[in-house]
Amino acid sequence: MNDWVTVCKIDDILPETGVCALVGKAHVAIFRPYYSNELYAISNIDPFAHASVLSRGIIGQHDDELWVASPLKKQRFRLKDGYCFDDENNSIPHYEVKVNDDGFVLVKVD
């Protein structure tokens, strides 16, 4: 699959939160950290707990880097690329995400 998949309306994602969507076979966490259309999409699977929970994590920022902390074991994953600050060997996939002119959120999964 190399297409854009419509997930929801931008207004369905409250600012400063994340949501989970099944895109193809991928569990994707989509984050809206600000009151804008700026979005980030990473895997929703916590590689340490082996659970689909990252969309429920707390969004944080340090040194201009946005990240989410896993709600289970607290490891931090950078939103722009899924890099794990606590163990680079457990970094996770990230996905292209955008909002179209009609206000729908689309995720691209290869």
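This briefing walks through the sheets, cores and ring contacts of the structure above. The model is predicted, so local features need pLDDT of at least 70 and side-chain atom pairs count only at pLDDT 80 or more, while totals for chains, interfaces and linings use all residues. Residues are numbered from 1 along each chain as its sequence is written, and side-chain values use heavy atoms, with hydrogens and water left out.

**The six-strand sheet**

- Let's start with an open sheet of six strands in the order S1-S11-S10-S4-S3-S2, paired antiparallel; strands here are DSSP runs (E, at least two residues), numbered from the N terminus.
- Two strands pair if DSSP finds at least two bridges between them.
- Strand S1 (3-9) and S2 stand at the edges with a single partner strand each, so one side of each has no neighbour in the sheet.
- From one strand to the next, the twist averages 30°, using axes that are lines fitted to C-alpha atoms and angles that run from 0 to 180 degrees between N-to-C directions.
- Strand S4 (residues 40-43) pairs with S10 in the antiparallel sense over two bridges, and the bridge partner of Ala 41 in S10 is Tyr 95.

**The three-strand sheet**

- Another open sheet, of three strands, has the order S7-S8-S9, again with antiparallel pairing.
- Its edges are strand S7 (58-62) and S9; each has a single partner strand, so one side of each is left without a neighbour in the sheet.
- Neighbouring strands of this sheet are turned by 35° against each other on average, direction ignored.
- Strand S8 (residues 65-69) is joined to S9 by three bridges, and Ala 69 has Arg 76 as its bridge partner in S9.

**The nonpolar cores**

- A nonpolar core is a set of buried Ala, Val, Leu, Ile, Met, Phe, Trp, Tyr and Cys residues joined through side-chain atoms within 4.5 Å; buried means under 20% relative accessible area, exposed over 50%, and partly exposed in between (1.4 Å probe, protein chains only).
- The largest such core has 15 residues, of which Val 28, Ile 30, Leu 39, Tyr 95, Val 97, Val 105 and Val 107 touch the most other members.
- Strands S2 (17-23), S3 (26-32), S10 (94-99) and S11 (104-109) are the elements that give two or more residues to this core.
- A second, separate core of eleven residues includes Tyr 40, Ile 42, Leu 66 and Val 68.
- Leaving aside neighbours within four places in sequence, Val 97 is in contact (heavy atoms within 4.5 Å) with residues including Trp 4, Ile 30, Leu 39 and Val 107.

**Rings and charges**

- The structure holds two aromatic pairs, where rings of Phe, Tyr and Trp (its six-membered ring) pair if their centres lie within 6.5 Å; planes under 30 degrees apart count as stacked, over 60 as edge-to-face and the rest as tilted.
- Phe 48 and Phe 77 form a tilted pair, 6.3 Å centre to centre with 45° between the planes.
- Phe 48 lies in the loop between strands S5 (45-46) and S6 (51-52) and Phe 77 in strand S9 (residues 76-78), so this pair ties together parts 29 residues apart in sequence.
- Phe 48 is partly exposed at 21% relative accessible area, whereas Phe 77 is buried at 0%.
- Tyr 83 and Phe 85 form an edge-to-face pair, 5.7 Å centre to centre with 85° between the planes.
- The charged end of Arg 76 sits over the ring of Trp 67, 5.6 Å from its centre, meaning that NZ of Lys or CZ of Arg is within 6 Å of the ring centre and within 35 degrees of the ring normal.
- Likewise, the charged end of Lys 98 sits over the ring of Trp 4, 4.2 Å from its centre.

How values were computed
Helices (H or I, at least four residues) and strands (E, at least two) are DSSP runs, numbered from the N terminus.
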